[in-house]
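The text then turns to the spaces left between the atoms and to one residue at a helix end.

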Amino acid sequence: MQKDKFLSIAYNLLTAIAAAVALLLLALIFLSGSRLADPGFLFLLIVLFCAAFGAVLIRKIFPPSVKYPLGPGVKFEDSTLVKLAKWLPMGLCVTALFLSVLALSRPQKDGKHILPPAKGVDIMLTIDASGSMAALDFKPNRMSAAKQTAAEFVDKRATDRIGVVVFAGAAMLQCPLTLDYFAVKEYINLISTDMLSDQLGTAIGDAIAVSARHLKDSAAKSKTIILLTDGENNTGMVDPIAAAKAAAAHGIKIYTVSIASGGEAEMKVNEISIFGPVSTVAKLPPPSPESEAVLMQIAKETGGDFFRAKNNAELQNIYARINELEKTEFEGALRLNYTDNYKPALTAAILLLMAAFIADKFIFIKIP
């Protein structure tokens, strides 16, 4: 009898050790790539292990049973179902408590982040929104091509503030300088050739002045305007060369982009007749040498550059070149950003407790 008890204790000890190893493997799965914010709670695992081992030992040595006589030489052996009824709910509860302790210790995942420089490049995208930007010499038209390439340019930036100014006969700020590139692209998408009340003419000088006003007080190491237009300065309050000189005095560089195919361009125009709206095709002359000379002078005054785009591919290449010219060079600082990752362990613990309750009360129904 004494030998049987000793074997029973040894068996239970080995079973407990195997269960502890299994639980530790489970912990490694949950904690892979993580750290513990409050590892002191792991000492509760010692209490849990001792309590579980004691409960198994007591149940094994002093099993709750109803004694009844059996015939000589007849031994009663528990079936697999009976063993499950005895140990499965308890095993589920112990595992759930183990996972709860892991959740209390607050496992955290770490993510590496590179901090951007304190001073990068501030860029103002200044886009012509006059009626001629609806010309069809670009696919599908000048305005759509300009918006698409501007959005692609924004996608290539990572640490620089970007804003948007639109202009026709007048200029206005469409989007202030921001690091929220999603918002910048949304504002770019809203640009249209009928968004400004003054659609007649092209006020390049006013557009430079408005753009420079929002850049001049910036603490960025580099301040840049990318001015895209298909016309010449023929209206507005400010002379474009004078505006460029004022921008240069504030350390602002201007890249000018002339967007036109070089020949006559067609543009659909809606007219009102006695029969209702009628769509006609108007012919637009190519940019004059004088207008491009002004754009070249603007770029020269500020230390920028002039570009000419005659099709979509050239326009994309121009923005790609500007993107390379205005790169922010920096050595980023590495920072570890920890986020709590206790939810998987806590969720699993709750599910296991529910399973233990269902198994004990509804599946393995025991009659005292």
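Strand β3 and strand β4 (residues 161-167) pair in the parallel sense over 7 bridges; strands (E, at least two residues) and helices (H or I, at least four) are DSSP runs, numbered from the N terminus, and two strands pair if DSSP finds at least two bridges between them. Within this pairing, Thr-126 stands opposite Val-165 in β4. This is a predicted model, in which local features need pLDDT of at least 70 and side-chain atom pairs count only at pLDDT 80 or more, while totals for chains, interfaces and linings use all residues. Residues are numbered from 1 along each chain as its sequence is written, and side-chain values use heavy atoms, with hydrogens and water left out.

β3 (residues 121-128) also pairs with β6, again in the parallel sense and over 7 bridges. Here Val-121 has Ser-222 as its bridge partner, and Met-124 stands opposite Ile-225. Of the 8 residues of β3, 8 are buried, so the strand is largely enclosed by the rest of the structure; buried means under 20% relative accessible area, exposed over 50%, and partly exposed in between (1.4 Å probe, protein chains only). Val-121, Ile-123, Leu-125 and Ile-127 point one way from β3, whereas Asp-122, Met-124, Thr-126 and Asp-128 point the other way, and all are buried.

What lies on from β6? β6 and strand β7 (residues 252-259) pair in the parallel sense over 7 bridges, with Lys-223 opposite Ile-252. Strand β6 (residues 222-229) has 8 of its 8 residues buried, so it too is largely enclosed by the rest of the structure. From β6, Ser-222, Thr-224, Ile-226 and Leu-228 point one way, and Lys-223, Ile-225, Leu-227 and Thr-229 the other, all of them buried.

For the whole protein chain, the count is 10 helices and 11 strands. Of its 368 residues, 37% count as buried. Contact means heavy atoms within 4.5 Å; of the contacts in the chain with a separation of 6 or more, 81% are between residues 24 or more positions apart.

On a 1 Å grid over the protein atoms alone, a cavity is a set of points where a 1.4 Å probe fits but cannot get out, and a pocket is an open set with protein on both sides within 12 Å along at least five of seven lines; lining residues have an atom within 4 Å of a point. Grid points are joined across faces, edges and corners, and a volume is the space filled by probe spheres set on the points. The second largest pocket holds about 310 Å³ of space. It is lined by 18 residues, of which Ser-132, Thr-202, Asp-230, Gly-231 and Glu-232 are the closest to its centre.

The largest cavity has a volume of about 30 Å³. Its lining consists of Thr-149, Glu-152, Phe-153, Lys-156, Gln-316, Tyr-319 and Ala-320. The elements giving two or more residues to that lining are α4 (142-156) and α9 (312-325), and α4 provides the largest share, 4 residues.

Finally, Leu-104 is in helix α3 (residues 80-104). At 42% relative accessibility, Leu-104 counts as partly exposed. Leaving aside neighbours within four places in sequence, Leu-104 is in contact with Asp-38, Phe-41 and Leu-44. Leu-104 and Leu-36 are 68 residues apart in sequence and 9.4 Å apart in space, C-alpha to C-alpha.
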